[in-house]
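Thanks for making the time this morning. I would like to walk you through one model, going from its aromatic rings to a few individual positions.

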Amino acid sequence: HPADPTARGCSRKGDRVWALFEPVDGQEWWGGTVVAADVDARGDGDLDVVFDDGARQVTRAEDCYRRCAPRVLQSLRVDRPNPKARRQLQKLRVVAKENRDVAPPPSAPPPPP
């Protein structure tokens, strides 16, 4: 899905993804690291993600994004795994890969296919 901005197809351990949440401490966008994936050939499915605040959550690939806008990245107080998240990743033997593929995320999640 080269033109698809969602995290469909992100199935490698360590892939970085971004998700939009209700604001927590003034931050809406949160980065996370994929620790496991259950996706089909189309890239649809579930991602097990350790978010940068240390919260671990299984989320749908289409609810996450592979990229985050530079202006959003610059505004984040937490823009990489914090100590709690790093401990979880280390325990799971997952290394977060830096995502250099940066582009603006959509203003709203795309409609379902």
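Let me begin with a question: is Y65 buried or exposed? This is a predicted model, and in it Y65 counts as buried, because its relative accessibility is 2%, where the cut-off for buried is under 20%.

Now to the rings, where the structure holds two aromatic pairs. In one of them, the rings of F21 and F51 have their centres 5.2 Å apart and their planes at 90°, so this pair is edge-to-face. Because F21 lies in strand β1 and F51 in strand β3, the pair ties together parts that are 30 residues apart in sequence. F21 is partly exposed, at 28% relative accessible area, whereas F51 counts as buried, at 3%.

W29 and Y65 form an aromatic pair that is also edge-to-face, with 5.8 Å from centre to centre and 70° between the planes. This pair links distant parts of the chain, 36 residues apart, with W29 in strand β2 and Y65 in the loop between β4 and α1. W29 is buried, with a relative accessible area of 11%.

Next, please look at G54, which sits in the loop between β3 and β4 and is buried, with a relative accessible area of 2%. Leaving aside residues up to four places away in sequence, G54 touches N82, K84, A85 and Q88. Of these, N82 caps the N-terminal end of helix α2, with a side-chain oxygen 3.0 Å from the backbone nitrogen of K84. Just after α2, R93 takes a positive phi of about 60°.

How values were computed:
Residues numbered from 1 in each chain as written. Predicted model: local features only at pLDDT ≥ 70, side-chain atom pairs only at ≥ 80, totals over all residues. Heavy atoms only, no water. Polar contact = N/O pair within 3.5 Å; in protein donor to acceptor, adjacent residues only side chain to side chain. Helix = DSSP H or I, 4+ residues; strand = E, 2+ residues; numbered from the N terminus. Buried < 20%, exposed > 50% of the residue type's maximum accessible area, 1.4 Å probe, protein only. Contact = heavy atoms within 4.5 Å. Phe/Tyr/Trp six-rings, centres within 6.5 Å; stacked < 30°, edge-to-face > 60°.
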